[in-house]
Amino acid sequence: MTKTSVKKKVREILTSYLELNHLRRTPERYAILDAVYDTDRHFSLEELGELLEKMNFRVSRATLYNTMKLFIELRLVIRHRFIGQTMYEACYKNENHIHQVCTLCGTVKEGTFPEISKAINDTKLTRFRRDGFTLYIYGVCSKCQARMTRKINSTKNQKLNKQ
């Protein structure tokens with residue numbers, strides 16, 4: 001599916017839901033939805049608000065929060081709670097994926113690992129229909145690992161020089 005066709009489909013889902021539940025079809029909801037689906041990465045509410053401002057569409061934090069809550073219920077957006085931060089991501093037609101989260105710097109790297117995906121998809125679940133998954137693997141990224149190694153080596157060298 002192209003980005004345009006995905007945006008069209010998620011707009012249809014939102015419209016159907018709003019009409020079925022007799023809710024207003026506000027321009028704010030659609031502007032927020034478009035901004036979410038124009039973003040190709042994880043984002044915070046603050047970043048989304050800034051993006052909307054750049055589009056000359058200012059919305060309150062409460063409107064952002066409530067709209068994101070609605071999008072999560074509609075399964076158009078997924079909320080991630082990474083170390084010390086809450087991030088969001090468009091999730092309609094988003095493949096299963098795995099997040100590698102550095103516990104030192106908080107960097108998040110996404111990837112697909114066919115072996116892990118196969119194992120999860122082959123797992124039989126009792127009385128539960130699986131729609132997809134997101135997996136978090138916590139550890140230390142290569143940059144932080146290199147920084148720690150340099151620090152350890154530096155400390156060792158300082159001790160040797162003092163002897």
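The structure is a predicted model, in which local features need pLDDT of at least 70 and side-chain atom pairs count only at pLDDT 80 or more, while totals for chains, interfaces and linings use all residues. Residues are numbered from 1 along each chain as its sequence is written, and side-chain values use heavy atoms, with hydrogens and water left out. The protein chain comprises 6 helices and 5 strands. Its radius of gyration is 21 Å, whereas a compact globule of 163 residues would have a value near 15 Å.

**Overall fold and dimensions**

- Along the sequence, the elements of the protein chain follow the pattern α-α-α-α-β-β-β-β-α-β-α; helices (H or I, at least four residues) and strands (E, at least two) are DSSP runs, numbered from the N terminus.
- Taken along the principal axes, the box filled by the C-alpha atoms of the protein chain is roughly 80 × 45 × 25 Å.
- The radius of gyration is taken over C-alpha atoms, and the globule rule is 2.2 Å times the number of residues to the power 0.38.
- Of the 163 residues in the protein chain, 30% are buried; buried means under 20% relative accessible area, exposed over 50%, and partly exposed in between (1.4 Å probe, protein chains only).

**Backbone: positive phi values**

- Most residues other than glycine have a negative phi.
- Arg75, although not a glycine, has a positive phi of about 60°.
- Arg75 lies in the loop between helix H4 (61–73) and strand S1 (77–82), and is partly exposed at a relative accessible area of 48%.
- Arg127 also has a positive phi, near 50°.
- The loop that holds Arg127 runs between helix H5 (114–122) and strand S5 (134–139); Arg127 is exposed, with a relative accessible area of 83%.

**Aromatic contacts**

- The structure contains 3 aromatic pairs, where rings of Phe, Tyr and Trp (its six-membered ring) pair if their centres lie within 6.5 Å, and planes under 30 degrees apart count as stacked, over 60 as edge-to-face and the rest as tilted.
- The ring centres of Phe82 and Tyr136 are 5.7 Å apart and the planes stand at 75°, so this pair is edge-to-face.
- Because Phe82 is in strand S1 and Tyr136 in strand S5, the pair ties together parts that are 54 residues apart in sequence.
- Phe82 is buried, at 5% relative accessibility, whereas Tyr136 is partly exposed, at 28%.
- One aromatic cluster is formed by Phe82, Tyr136 and Tyr138.

**Cysteines**

- The structure holds 0 disulfides, a disulfide being a pair of cysteine sulfur atoms within 2.5 Å.
- The cysteine sulfur closest to that of Cys144 belongs to Cys141 and is 3.7 Å away, which is too far for a bond.
- Cys144 is buried, at 2% relative accessibility.

**Second largest pocket**

- Helix H1 (3–20), helix H2 (27–38) and strand S2 (85–90) are the elements that give two or more residues to the lining of the second largest pocket.
- The lining of the second largest pocket has 6 nonpolar, 3 polar and 6 charged residues; Ala, Val, Leu, Ile, Met, Phe, Trp, Tyr, Cys and Pro count as nonpolar, Asp, Glu, Lys and Arg as charged, and the others, Gly among them, as polar.
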